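Here's a quick briefing to read alongside the structure. Have a look at the picture, then work through the points below.

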Amino acid sequence: MKKVAVIYWSDTGNVEAIADKIYNGAKDAGADTIIKLVQDAKIEDVINSDAVAFGSPSMDNNQIEQDEMEPFIKEFKNLPNNKKPIILFGSYGWDNGEFLKKWKDTMTDYGFNVISQLAVKEAPTDAQLKEAYELGKILSR
Ligand SMILES: Cc1cc2nc3c(=O)[nH]c(=O)nc-3n(C[C@H](O)[C@H](O)[C@H](O)COP(=O)(O)O)c2cc1C
């Protein structure tokens with residue numbers, strides 16, 4: 001059985017709504033799936049998973065959240081990430097998803113294989129939630 005982790009940061013719930021759908025998609029597709037706020041996540045949650053979805057809002061001048069998500073992500077800089085498949089998702093107010101493009105470059109540099117991305121403006125629409133659910137299924141393959 002595939003092991004999938006969904007790890008995210010959210011303040012007002014927009015990223016959390018997407019995270020929940022990815023989690024449900026992966027779980028319904030039969031993966032052994034966990035979902036955690038990044039504050040509660042451990043490096044091992046990523047290391048021990050076959051595929052991971054990371055989520056953050058755009059914050060602090062169009063970057064991933066800097067107090068908790070950024071330090072967690074940095075931990076992987078010098079680890080052998082072996083092209084582990086990951087999905088990056090998040091929500092922005094005005095940057096049109098620019099922060100996610102930068103995040104993709106960082107994760108690719110760190111040795112992950114970014115297989116998909118989902119950036120939404122503020123709250124996800126129903127169509128975007130459906131897309132998130134499908135992304136969860138893809139992660140579980
Ligand atoms: C303190 C703060 C800083 C923000 N900075 C940015 C930013 O730099 N660029 C941007 O596009 N949106 C920014 N936003 C908007 C958030 O990315 C957006 O509201 C997002 O949907 C919040 O996700 P959440 O509901 O999961 O917390 C900011 C919001 C807050 C509250």
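Let's start with T33, which sits in strand β2, a stretch covering residues 32–37. Keep in mind that this is a predicted model.

- Is T33 buried or exposed? Its relative accessible area is 10%, and buried means under 20%, so T33 counts as buried.
- The side chain of T33 has a polar atom that lies 3.0 Å from the backbone oxygen of A31.
- Which residues does T33 touch, once you skip its neighbours within four places in sequence? The contacts are V4, Y23, A26 and K27.

**L100, a residue in a helix**
- Now hop over to helix α4, which runs over residues 98–109 and holds L100.
- L100 has a relative accessible area of 2%, so with the cut-off for buried at under 20%, this residue is buried too.
- Setting aside the neighbours within four places in sequence, L100 is in contact with L88, F89 and G90, and also with Q117, L118 and A119.
- How far apart are the C-alpha atoms of L100 and M69? They're separated by 13 Å, and the two residues are 31 residues apart along the chain.

**How the chain is put together**
- If you count up the secondary structure of the protein chain, you get 5 helices and 6 strands.
- Along its principal axes, the C-alpha trace spans about 40 × 35 × 25 Å.

**Inside and contacts**
- What share of the 141 residues is buried? Buried residues make up 47% of the protein chain, and T33 and L100 are among them.
- Take the contacts in the chain with a separation of 6 or more: 77% of these come from residues 24 or more positions apart.

Definitions and conventions. Residues are numbered from 1 along each chain as its sequence is written. This is a predicted model: local features need pLDDT of at least 70, side-chain atom pairs count only at pLDDT 80 or more; totals for chains, interfaces and linings use all residues. Side-chain values use heavy atoms; hydrogens and water are left out. Helices (H or I, at least four residues) and strands (E, at least two) are DSSP runs, numbered from the N terminus. Buried means under 20% relative accessible area, exposed over 50%, partly exposed in between (1.4 Å probe, protein chains only). Contact means heavy atoms within 4.5 Å. A polar contact is a pair of N or O atoms within 3.5 Å; within protein, one must be able to donate a hydrogen and the other to accept it, and residues adjacent in sequence count only if both atoms are side-chain atoms.
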